[in-house]
Amino acid sequence: MKKINVLLLGLVTAFGFSSCIDDEEPFDHAAQYEIERPIIEAYARENLANPQYHEILGMRIWYEVIAPGDDASYQYKVISNPNAPGGYMIEAPEVHVRYTTRLVQSDAVVRSVDDDEGEELAWNNEPDIWQAALFPREIRYDEDGELLDEPVEFGGITTNGLKRGGRIRIVTPSYFAYRNGSSGNIPANSPLFYDIEIVEIDEPSSNNNP
């Protein structure tokens, strides 16, 4: 099976590796996850009605699917990867979302969009958890909508990916959010809770790949 791992682009190739920032001591992401793991699980069990988890790189992302959405509204596809002959990359759709982001450790709301039309998702500016949340575990169709000989494994949380009207709640380790960096009012090393609803999902009008 040919594999695509967009989730890991730009990340260390193995979870046990460390990263360095400005010649400081290497940051141990594995040790940070062990600190966060019981906090995340406790929050998920308290705040999700039907908590489940999906494991990536040995880390558990807790979630519950409130609604999968209209399955006929979009078909996730792969396209040829120009940087890897014979390989694939996912075709990233144009997506409008409503969402709320909370800090797990304080339950404080740090970001929220509740407009009727939602907000267009800028794939390149969002942390990896958005790809895990929206994209499917594997993709079965090519850019022409033809069935592939074998599905392409991607690794998203849900089997078919979220579609229009879909809604998911997620509790993620900081590694798939902003890791050991801060973002606005989100401190470094912050596990996050997301409540995401897909308002609209369409074919990309331009090169929108993450």
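**Figure 1. The cavity of the predicted model.** A search of the whole structure finds 1 cavity of 30 Å³ or more. A cavity here is a set of points, on a 1 Å grid over the protein atoms alone, where a 1.4 Å probe fits but cannot get out. Rolling a probe the size of a water molecule over the atoms shows where empty space is left. The volume of the largest cavity is about 40 Å³, counted as the space filled by probe spheres set on the points, which are joined across faces, edges and corners. This is a predicted model, in which local features need pLDDT of at least 70 and side-chain atom pairs count only at pLDDT 80 or more, while totals for chains, interfaces and linings use all residues. Residues are numbered from 1 along each chain as its sequence is written, and side-chain values use heavy atoms, with hydrogens and water left out.

**Figure 2. The lining of the largest cavity.** F27, H29, Q32, Y33, E36, M59, S174, Y175 and R179 line the largest cavity; a lining residue has an atom within 4 Å of a point. Helix α1 (residues 29–47) gives the largest share of this lining, 4 residues. Helices are DSSP runs of H or I with at least four residues, strands are runs of E with at least two, and both are numbered from the N terminus. By type, the lining residues divide into 4 nonpolar, 3 polar and 2 charged.

**Figure 3. Charges over rings.** R179 lies over the face of Y175, at 5.5 Å from the ring centre. The charged end of R60 sits over the ring of Y53, 3.9 Å from its centre. A charge counts as over a ring if NZ of Lys or CZ of Arg is within 6 Å of the ring centre and within 35 degrees of the ring normal.

**Figure 4. The ring pair Y76 and F135.** The structure holds 9 aromatic pairs. Rings of Phe, Tyr and Trp (its six-membered ring) pair if their centres lie within 6.5 Å; planes under 30 degrees apart are stacked, over 60 edge-to-face, and the rest tilted. The ring centres of Y76 and F135 are 5.8 Å apart and their planes stand at 70 degrees, so this pair is edge-to-face. Y76 is buried, with a relative accessible area of 4%, and F135 is buried at 0%; buried means under 20% relative accessible area (1.4 Å probe, protein chains only).

**Figure 5. The ring pair W130 and Y194.** The rings of W130 and Y194 have centres 5.7 Å apart and planes at 75 degrees, so they are edge-to-face. W130 belongs to helix α2 and Y194 to strand β11 (residues 192–202), 64 residues apart.

Note on methods. Buried < 20%, exposed > 50% of the residue type's maximum accessible area, 1.4 Å probe, protein only. 1 Å grid on protein atoms, 1.4 Å probe; cavity = no way out; pocket = protein on both sides within 12 Å on 5 of 7 lines; lining within 4 Å. Nonpolar A, V, L, I, M, F, W, Y, C, P; charged D, E, K, R; others polar.
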